[in-house]
Amino acid sequence: MMGAMPTGKQPAKPFTPRDFQLVLLRRMADHNPGPVEDARRELGASVADMREANRRWQAMLHSPRSRSAAALPHCLKGMGGAPIRSVLGEPESVAPRRIGDLECEARQWALPLWPTLRFEVLVADKGVVWNEWLVRAPGAQGPELRTLDDLTPWSCTVDEAARAFAPARPLQGSAPTRWGLAFTAPDRDGVGHEVVAEFTWGLLQRTAVGA
């Protein structure tokens with residue numbers, strides 16, 4: 001009896017935490033290619049690898065299997081639809097969080113590229129993902145933000161900049177993964193300047209300094 005003929009189609013490679021980090025980097029590359037280039041090399045990935053990871057991620061977002069996984073309790077739907085847990089595994093920590101009137105659960109994962117940060121997903125009622133970004137890891141020392149010189153790429157998160165230069169005004173980002181803050185910060189001589197800071201996945205990418 002003859003067996004099934006081979007189709008010649010290779011099984012799909014698993015989407016790994018390395019691929020996930022490349023997706024985050026791809027979104028950051030538009031604003032700040034320098035640190036992205038260094039991080040990509042640290043992962044041992046080429047530009048083609050980063051593009052391919054992003055392509056596969058977009059395919060996961062729009063696949064029927066990914067959409068139906070939203071109903072499964074073990075599949076956290078994040079970044080527009082892909083199951084985060086299937087890529088990163090169980091979260092390192094899970095804790096209740098209250099933001100204004102919103103009660104949610106903060107789930108955090110460690111990523112090798114940013115050892116002092118965590119990828120955090122805020123999950124509200126019925127598994128609705130409210131926010132997802134990089135935050136400072138519990139117990140990790142944050143940056144000392146005093147002047148404009150301290151606002152270097154990747155130096156701080158959204159909440160750290162908002163606290164250091166309060167009051168800060170949130171600005172609408174150019175994409176769901178991007179945030180903006182407007183605030184006043186002093187230069188090294190103590191002269192205040194109006195600043196617009198842009199963040200991708202919660203991490204500072206660049207600043208525009210006014211008078």
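What follows is a conversation about the helices, strands and cores of this model.

Reply: Before we start, this is a predicted model, in which local features need pLDDT of at least 70 and side-chain atom pairs count only at pLDDT 80 or more, whereas totals for chains, interfaces and linings use all residues. Residues are numbered from 1 along each chain as its sequence is written, and side-chain values use heavy atoms, with hydrogens and water left out.

Me: Okay, which residues of H2 are buried?

Reply: They are Val-36, Ala-39 and Arg-40, where buried means under 20% relative accessible area, exposed means over 50%, and partly exposed lies in between (1.4 Å probe, protein chains only).

Me: Which residues touch the most other members in the largest nonpolar core?

Reply: Those are Phe-20, Leu-25, Trp-114 and Leu-134, out of 30 residues in that core, and a nonpolar core is a set of buried Ala, Val, Leu, Ile, Met, Phe, Trp, Tyr and Cys residues joined through side-chain atoms within 4.5 Å. The largest share of this core, six residues, comes from H1.

Me: What is Leu-25 in contact with?

Reply: Leaving aside neighbours within four places in sequence, its contacts (heavy atoms within 4.5 Å) include Val-36, Ala-39 and Trp-114.

Me: Switching topic, is Glu-120 buried or exposed?

Reply: Glu-120, which is found in strand E5 (residues 117-123), counts as buried because its relative accessibility is 2%. Its side chain makes a polar contact with the side chain of Gln-108 at 2.8 Å; a polar contact is a pair of N or O atoms within 3.5 Å, and within protein one must be able to donate a hydrogen and the other to accept it, while residues adjacent in sequence count only if both atoms are side-chain atoms.

Me: Last one, how many bridges join E7 to E8?

Reply: Four bridges join strand E7 (residues 169-172) to strand E8 (residues 178-186), and the two run antiparallel; strands pair if DSSP finds at least two bridges between them. A hairpin connects E7 to E8 through five residues.
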